[in-house]
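Please examine the sequence and the structure before reading on.

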Amino acid sequence: VASGSLEKRVAKLELQVAKLQGELSTSPPKNGKDWRRTIGMFTDDPGMQEIFEEARKIREADRRKTRAPTAKRRKPTR
Amino acid sequence: VRPTAARHERPRRSVESQLDDFRGWFARHRHANDPLGLVVPYGRPTQLFSFFSEWEIARWTENSARILSRLRKERIRIGTQDLQIASIALAENALLLSASLRDFQNVPGLQVQDWLHHVVNFHTSLGDHLQLGQRPSSP
């Protein structure tokens, strides 16, 4: 096989592989779920934003509880 | 999402993040007693289910539980919910995406990054935890 021909075949293969990789990265999963459909789902929904804000507060409260110093007050020594 | 994200894996949400949204719903509407006023709020969980139906959920497993026990023994001081999420991510060998790096960075071995600020108009429920199935092979 002439080297020029081989190079062309390799280049063609590389192009096909790149195309397949691109398809793999953008195609929705086979189970029908596609998280991209949820993008912007609640953007203009203030009611839902309130719910998420409540959830965020709960999570933050959980964090604060852990961050708070736990050192107990020592009893005064006599 | 950055192309690098799409190249590696499909993102997932942890079951703990999923529960967060429902906790938020209960907190917001537990005191509501006006029947007419409940029409819209009672539709919200349906919307949340619809949202989650498009996501793969990273579940709580026996391995997650074992990791949580280990982290507790190591006295990793982050919130209980965050610790559970970290345990799921470690059990799944996942890259955790979160806006709360301050806490998650305290967990040894956990790979966490904050990409959310790079994502335009991307409203997940909390805008919080996404997980990729596998860590990238190189940092």
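Rings of Phe, Tyr and Trp (for Trp, the six-membered ring) form a pair if their centres lie within 6.5 Å. Planes under 30 degrees apart count as stacked, those over 60 as edge-to-face, and the rest as tilted. The model discussed here is predicted. By this rule, nine aromatic pairs are found over all chains. Two of them are set out below.

| Pair | Centre to centre | Angle between the planes | Class |
|---|---|---|---|
| Phe22(B) and Phe49(B) | 5.2 Å | 40° | tilted |
| Phe51(B) and Phe52(B) | 5.2 Å | 85° | edge-to-face |

The tilted pair of Phe22(B) and Phe49(B) links distant parts of chain B, since its members are 27 residues apart. Phe22(B) belongs to helix H2 (residues 15–29) of chain B, and Phe49(B) to helix H3 (residues 44–52) of chain B. Phe22(B) counts as buried because its relative accessibility is 16%, whereas Phe49(B), at 53%, counts as exposed. In the edge-to-face pair, Phe51(B) is buried, with a relative accessible area of 0%, and Phe52(B) is buried, with 4%.

These four residues also belong to one aromatic cluster, together with Trp35(A), Phe42(A), Phe52(A) and Trp55(B).

The second largest pocket has a volume of about 180 Å³. Eleven residues line this pocket, and the closest to its centre are Thr66(A), Ile76(B), Arg77(B), Ile78(B) and Thr80(B). Helix H2 (46–67) of chain A and helix H5 (80–91) of chain B are the elements that each give two or more residues to the lining. By type, the lining residues of the second largest pocket comprise three nonpolar, four polar and four charged.

Definitions and conventions. Residues are numbered from 1 along each chain as its sequence is written. Chains are lettered from A and ligands numbered from 1 in the order in which they are written. This is a predicted model: local features need pLDDT of at least 70, side-chain atom pairs count only at pLDDT 80 or more; totals for chains, interfaces and linings use all residues. Side-chain values use heavy atoms; hydrogens and water are left out. Helices (H or I, at least four residues) and strands (E, at least two) are DSSP runs, numbered from the N terminus. Buried means under 20% relative accessible area, exposed over 50%, partly exposed in between (1.4 Å probe, protein chains only). On a 1 Å grid over the protein atoms alone, a cavity is a set of points where a 1.4 Å probe fits but cannot get out, and a pocket is an open set with protein on both sides within 12 Å along at least five of seven lines; lining residues have an atom within 4 Å of a point. Grid points are joined across faces, edges and corners, and a volume is the space filled by probe spheres set on the points. Ala, Val, Leu, Ile, Met, Phe, Trp, Tyr, Cys and Pro count as nonpolar, Asp, Glu, Lys and Arg as charged, and the others, Gly among them, as polar.
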